[in-house]
Every structure is written in C-alpha cells, then in structure tokens.
Amino acid sequence: MRIKLFVAALLVLLAAGPAYPQNKDIQHLEVDVIDLAQRVNQIQKTIDQNDAAFKGLVEKIFDQVNTLAESMQKINQAVGQLKSQDDGNGRDIHSALTTLNATMKDIQDNMADLKAQIGTVSREITAMKTTAEPLASPNELMRTAYVDYSQGHFDLAISGYQEFLSKFPGDAHAAEAHFNIAESLSALKKFDQAIDEYDIVLQKFPDSDKSRAALLKKGHAQAEINPQAAIKTLNEVVTKFPGTSEAANAQAKIKELASAGRRAPGK
C-alpha cells in the first residue's frame with residue numbers, strides 16, 4: 001500500500017511541473033521506485049526460500065532505500081529554491097515531495113524492522129537445525145571408523161578416528177583409536193607417522209590392552225626404516241612380556257632381521 005502511495009505521489013510530482021524541465025534526479029527516482037516495488041514483490045514470493053539468499057536480497061533493498069533517501073534530499077533542496085519563487089507549480093512539487101518524504105521514512109522504518117525480524121528468524125532456524133541434527137555419539141564414530149578400517153579404507157578410517165579423538169579425547173576407547181590410526185598408517189607405508197601413534201598409546205595409555213601390541217607393532221614399523229632400532233624395541237617386548245604371543249612374534253622378527261643383516265654384505 002505504501003509503495004502504491006509512493007508511486008502515485010511521484011506521478012503527481014511529474015505531472016505538476018510542465019513549466020519546468022524534468023530534473024534528471026526525479027527521472028532516476030521514478031525508475032528506482034518502480035524497481036523497489038518489484039523487489040518488494042520478490043521478497044513476498046521468496047520468503048519461504050533459501051534463508052541466506054533472502055537475507056542478501058533484503059540487504060540490497062535496504063541499501064537501495066538509503067540511496068533513494070539521499071536522492072530525495074537533493075531534490076528537496078532543488079524544490080526549495082522553486083518554492084522561494086512563490087510559484088504555484090513549485091508549491092505543488094514541494095507538497096508532492098513532502099508526501100514522498102513521509103512515505104520514504106515509513107519504508108526505511110519498515111526495512112529496519114524487516115532486517116531485525118530476518119535476524120531473529122535466522123537464529124531460530126539455526127537453533128532448530130542444531131536441535132534436529134544431534135552430534136554423533138562416541139560409539140557411532142568409532143563404529144563408522146572401524147568399518148572403514150576393516151574394509152581397507154585407511155584414509156577414511158584415520159579421519160574417522162581423528163574426529164572421534166577430537167570430540168571425545170577422554171573416552172575409554174581413545175587408546176584403541178590411536179592404535180588403529182597407527183595400524184592404518186603402517187598399511188599406507190607411512191611408518192614414521194605410525195611410530196608416533198604407537199608411542200602415543202605407549203606413553204598415554206601404558207595400562208591399556210593395546211600397549212603390548214603397540215610396542216610390538218612399533219618394532220615392525222621400525223624394521224621398515226631402521227632395523228637396529230627395531231631390534232632394540234623388539235627385545236623390549238620380549239623382556240616386558242615374556243611368555244606372550246607378542247614376545248614370540250618379536251623373537252621371530254628379531255631372527256629375521258638378524259638373518260637379513262648377515263646376508264646384506266654378501267649381496
């Protein structure tokens with residue numbers, strides 16, 4: 001309704017001054033007002049569509065309204081000079097502009113209210129999305145990562161376990177997550193990184209059920225890049241965990257490395 005009043009008043013303004021050449025600012029104002037009316041109609045059609053796009057549209061219209069207000073100030077100044085000539089057409093133009101100024105003020109106020117309402121709706125939508133999409137539980141993250149790990153999707157498994165550790169660092173399965181990251185890195189032949197992860201298990205979770213396997217697998221990873229360091233680590237397995245399957249595995253690996261070391265000079 002206000003837009004229609006705005007356009008009607010502008011038509012009065014344009015019709016009232018045949019004795020004066022039309023001011024270019026007024027011509028531009030007419031185009032801007034028509035465009036503004038079209039944009040307001042567009043808001044009404046898109047109000048249920050994408051929230052981000054809608055807010056961007058409102059911002060553009062708000063800027064345009066402010067630009068129109070500045071143009072109105074310039075025209076007011078020009079019409080003020082006409083009014084001082086005590087001319088009938090000048091008084092009519094001034095009256096029409098008074099109506100336009102009041103309408104423009106209403107539009108600016110309404111746009112400010114609309115921006116505030118958009119902000120409120122946006123926050124409510126964000127809150128609803130957060131409520132509707134709860135965070136995955138520790139068990140769900142571990143289960144997803146393990147599926148990737150067991151299927152040989154080691155990069156995905158590493159990402160999954162890292163997400164679990166970032167969200168639940170104190171969870172009881174943290175040692176298992178670090179161990180499986182190390183195993184995945186070893187499978188990808190990233191032995192230096194794997195050794196670092198095995199060390200995390202050994203240093204942070206020395207009493208976990210993964211500590212024996214971590215020390216053994218650390219020795220295997222070292223064997224790929226530093227056999228002497230590997231033999232030292234594997235001997236530690238034998239000393240710390242005698243009579244276990246890990247100790248037997250370590251002894252076999254030590255013999256393999258020693259045999260390879262004896263053959264090396266004759267190659």
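This report describes salt bridges in a predicted model.

## Basis of the analysis

The model is predicted, so local features need pLDDT of at least 70 and side-chain atom pairs count only at pLDDT 80 or more, while totals for chains, interfaces and linings use all residues. Residues are numbered from 1 along each chain as its sequence is written, and side-chain values use heavy atoms, with hydrogens and water left out.

## Salt bridges in the structure

Six salt bridges are found in a search of the whole structure. The term denotes a side-chain nitrogen of Lys or Arg within 4 Å of a carboxyl oxygen of Asp or Glu.

## A pair within helix α6

Glu-163 and Lys-167 are joined by a salt bridge, with 2.8 Å between the closest N and O atoms. Both residues belong to helix α6 (residues 154–167), where they are four residues apart, about one turn of the helix. Helices are DSSP runs (H or I, at least four residues), numbered from the N terminus.

Glu-163 has 33% relative accessibility and counts as partly exposed; Lys-167, at 39%, is also partly exposed. Buried means under 20% relative accessible area, exposed over 50%, and partly exposed in between (1.4 Å probe, protein chains only).

## Pairs involving helix α9

Lys-217 forms a salt bridge with Glu-183 (2.7 Å, N to O). Because Lys-217 lies in helix α9 (residues 211–223) and Glu-183 in helix α7 (residues 174–187), the pair ties together parts that are 34 residues apart in sequence. Lys-217 is partly exposed at 29% relative accessible area, whereas Glu-183 is buried at 15%.

Lys-218 and Asp-199 form a salt bridge, their closest N and O atoms being 2.8 Å apart. Lys-218 lies in helix α9 and Asp-199 in helix α8 (residues 191–204), so this pair links parts 19 residues apart in sequence. Lys-218 and Asp-199 are both buried.

Technical notes
Helices (H or I, at least four residues) and strands (E, at least two) are DSSP runs, numbered from the N terminus.
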